[in-house]
Amino acid sequence: MRQNPANAIKFYCMPVLLLAEVRTIMEYECDLLCKLVAIDTDSTQRKNYNKIVELLICEAEKAGLKAEKVIDEKGIPHVTVTFHEAPEGKKIVFLTHYDVVPAGEGWEFDPFKPFVKNGKLFGRGAADDKSNIIAALAAFKEVLEEKLPLKINPVLIIAGGEETGEGESFFRKIDGDICVVLDSGCEGLSIGASGVARLNVKVIGKQAHSAYPFRGINAIYQASKIICRIEEIAKEMEKRVISKFYAPTHYEYVPRRVSVTMINGGIAANIIPSECNLLVDIRTIPEERAEEAAEELKAAIEDYAKRNGIEVEVETKVFMDGWYTTDERVIEKFRGILEEVLDGEAKVVVELGGTDGVFMIDRMPVIQFGTMREENNIHGKNEFVYLEDVEKVKKFVKMIITSDL
Ligand SMILES: [Zn+2]
């Protein structure tokens, strides 16, 4: 559909440049963000990966920075941006990604023809995560232009294959002293993330002709009782299992969350089903082991089933444990920087979802910040970013690289 994104840049970025207030404040950021959004980097097809990598290298070099293309063992290209002259000091790694999830249906405009309206820039990837690439690049560029002394050795990594998880092996090889993941929200200083475990619950009944339901045991009816019980357990766990860390949104503190997310049962319209399968998703707090949370839920389901004469087989699977940065000195240093950027108090939060920090935390402290807010519709239709938030992330990065960490 989009054979020539270069033309789209020309036509659709023009109005951006005509918006006087935006032009004066953030011309560089708007212009470059439009260029990036106009390139569809659909991660499910590894679309235009080389094209965007070349553009990023070209833009970084134009800004006076050193840019390199790194191809990982899966053939995915990534970009590293550094300063030509940087002190030997601490290596601070800023993590971003250029790939996006597919646009999907229902957009009110072409997701790859970005435009600016009322201080927002619209398009797929505008928030997740191209705005954060731009914020970091702009920060690096300004530090050079303003000849600010670097106190540390900053490295900007612009990765591919993040959305599909293909980038994991690349992330795991990155070394450094502190990692700043620029791929999350701006509600606070994020220092960790929740874990994930899942349960497969097989509810077993007895097959029969539906004209004679009394001869069978309907597994779907049995499963519905189990579902209701899981909902009760979920509410109880959400109140009882609570992290010491603030949540970025909705909750005050991050709780354990349990949801039935899939159901599958029945084979024909005239058969009483003998089996119904449920999938239960658990989001754990960072302080607990995901396996223990899964085992606790398994025991509760088995106990309810036994007491009610329902036959179940429950299997648990852990996907990842939650994690958090424990280096208090680093947290306080970054909190101080963020408070200066926000000109107010900054909460220390942990993510409700997962982040790429999980691939780094075994080697260095991880701090997370970014442009994303709930209303930005990342991964949904009509994605946008507030330009104000791009500015905020830029300031944050700029202050980090000119601070004595
Ligand atoms: Zn992202």
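Domain 1 covers 5-192 + 323-401, while domain 2 covers 195-320, with bounds that come from an automatic or database domain assignment.

Residues are numbered from 1 along each chain as its sequence is written. Because the model is predicted, local features need pLDDT of at least 70 and side-chain atom pairs count only at pLDDT 80 or more, whereas totals for chains, interfaces and linings use all residues.

## Where the domains touch

The contact between the domains takes 16 residues from domain 1 and 11 residues from domain 2, two residues being in contact if their C-beta atoms, placed from the backbone, lie within 7 Å. On the side of domain 1 that touches domain 2, two or more residues each come from strand 8 (189-193), strand 17 (323-324) and strand 18 (348-351), and strand 18 gives the most, with 4 residues. Helices (H or I, at least four residues) and strands (E, at least two) are DSSP runs, numbered from the N terminus.

## A helix pair

Helix 6 (residues 219-240) and helix 7 (residues 290-307) pack at an angle of about 135°, and their axes are 10 Å apart; axes are lines fitted to C-alpha atoms, for helices over the stretch in contact, and angles run from 0 to 180 degrees between N-to-C directions. The two helices, helix 6 and helix 7, are therefore oblique to each other, a word for angles that are not under 35 degrees (roughly parallel), over 145 (roughly antiparallel) or 65 to 115 (roughly perpendicular).

Helix 6 contributes I226, R229, I230 and I233 to this contact, and helix 7 contributes L297, A300, I301, Y304 and A305.
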